[in-house]
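Hi there,

Here is the structure I promised to pass on. Have a look at it first, and my notes follow below.

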Amino acid sequence: MTREIYDEDHEAFRASVKGFLDREVVPNLEKYDENHGLTREFWLAAGAQGFLGLEIPEEFGGSEAGDYRFNAVLTEELSKVNMTLPSCVGIHADITVPYLVHLTNDEQKARWLPKAATGELLTAIGMTEPGGGSDLANLKTTAVRDGDDWILNGSKTFITNGGSADLVLVAARTAPEKKAKGISLFAVDTTLPGFSVGRVLDKVGQDDSDTAELAFEDVRVSNDDLVGPLDTGFISMMQFLPQERLGSAVTNLAHAAQILEETIQYAKDRKAFGVPIGSFQNTQFLLADLVTRVEVTQAYVDQCVMKHTRKELTPVDAAKAKWWSSQVQSEVLDHCVQVHGGYGYMNEYRVARAWRDARVTKIWAGSNEIMKMLIARDLGL
């Protein structure tokens, strides 16, 4: 079914993104694997193309598209290459940067945003803690006032871009007695004394993403590094999470659709018993099922993209898009592996890599179980 949410400007932008990926990224994928993370050359090149500044005002070096559909186009094209690219780029440009745009004063914007747009300043966001998972209201990292400064202590885990970030937006407890209403956000320079990167984590998939543990031991930050009003961090996180979850949904569908397209071609080319495996009724029925699942889900995600473009997307609808798209992706890729047979289990085949990379999408950005809780709560249950 033809999608109708994009116009000529969006498609021209898509062509620009695809050209960049084909020219400068795809030839370097093995290098990212060896590096266990995207190189700084990648970030600078993406910044030079304007891909990191879609949320950043022009006066601070960005393009401020003001239309989430451009974000979605970028995410879709990155996702067609692999899961790591939309994950790492999304954390920087689509998730962390909006906090810096909407919650900071002009001095802070001038300090951080221009280099975030060029890729000179790579960002990450520090929410998840060991033993905490999706329970953001009960985080243990603390920030204690010391004159005009704050002293941070604690740790974060599963932090995308954590091994290479120059600035980490850290959620810390500033008023323990207020519980969720006592959390604040700090932009932490990763060169500060007391900040350290622990392990770059050995994951099941996304080997080229530097997901890391972070530690804060008496890290002194200025009051000028406080992002947003004091003790409003939890509210801010809840306000920005829908965009993160929508970005996850866009990624899930674009990634699954690309691998499914390649699997359909494989079914046409691969022969068994002297005929293409796509000629078997079981394969035909399966692929018809998968294409329908992807296209029907795409219709809902596209509606969410339009809602968000108009600033109308609710947290509950974003939760629906996130959990459902990750579930559909998981089912689609599992079947794609099956269609490939034994080759589908070989790392040299793209479908095997995609299957491994995608499993985490049912966990990150809030687990699917948490998403269902939010939906059930909205039902008054």
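**Helix pairs and a pocket**

Helix 9 passes helix 10 in a left-handed crossing; here left-handed means that the near helix is turned anticlockwise from the far one by less than a right angle, and clockwise would be right-handed. Before going further, please note that this is a predicted model, in which local features need pLDDT of at least 70 and side-chain atom pairs count only at pLDDT 80 or more, while totals for chains, interfaces and linings use all residues. Residues are numbered from 1 along each chain as its sequence is written, and side-chain values use heavy atoms, with hydrogens and water left out.

Helices are DSSP runs (H or I, at least four residues), numbered from the N terminus. Axes are lines fitted to C-alpha atoms over the stretch in contact, and angles run from 0 to 180 degrees between N-to-C directions.

Now to helix 7 and helix 8, which pack at about 155 degrees with their axes 10 Å apart. Helix 7 is therefore roughly antiparallel to helix 8, and their crossing is left-handed. Their contact has 15 nonpolar, six polar and no charged residues.

What is the volume of the second largest pocket? About 550 Å³, taken as the space filled by probe spheres set on the grid points, which are joined across faces, edges and corners. A pocket is an open set of points on a 1 Å grid where a 1.4 Å probe fits, with protein on both sides within 12 Å along at least five of seven lines; lining residues have an atom within 4 Å of a point. Of its 22 lining residues, M1, R3, V294, E295 and Q298 are the closest to the centre. Helix 8 gives the largest share of the lining, eight residues.

Best wishes

Definitions and conventions. Helix = DSSP H or I, 4+ residues; strand = E, 2+ residues; numbered from the N terminus. Parallel < 35°, antiparallel > 145°, perpendicular 65-115°, else oblique. Nonpolar A, V, L, I, M, F, W, Y, C, P; charged D, E, K, R; others polar.
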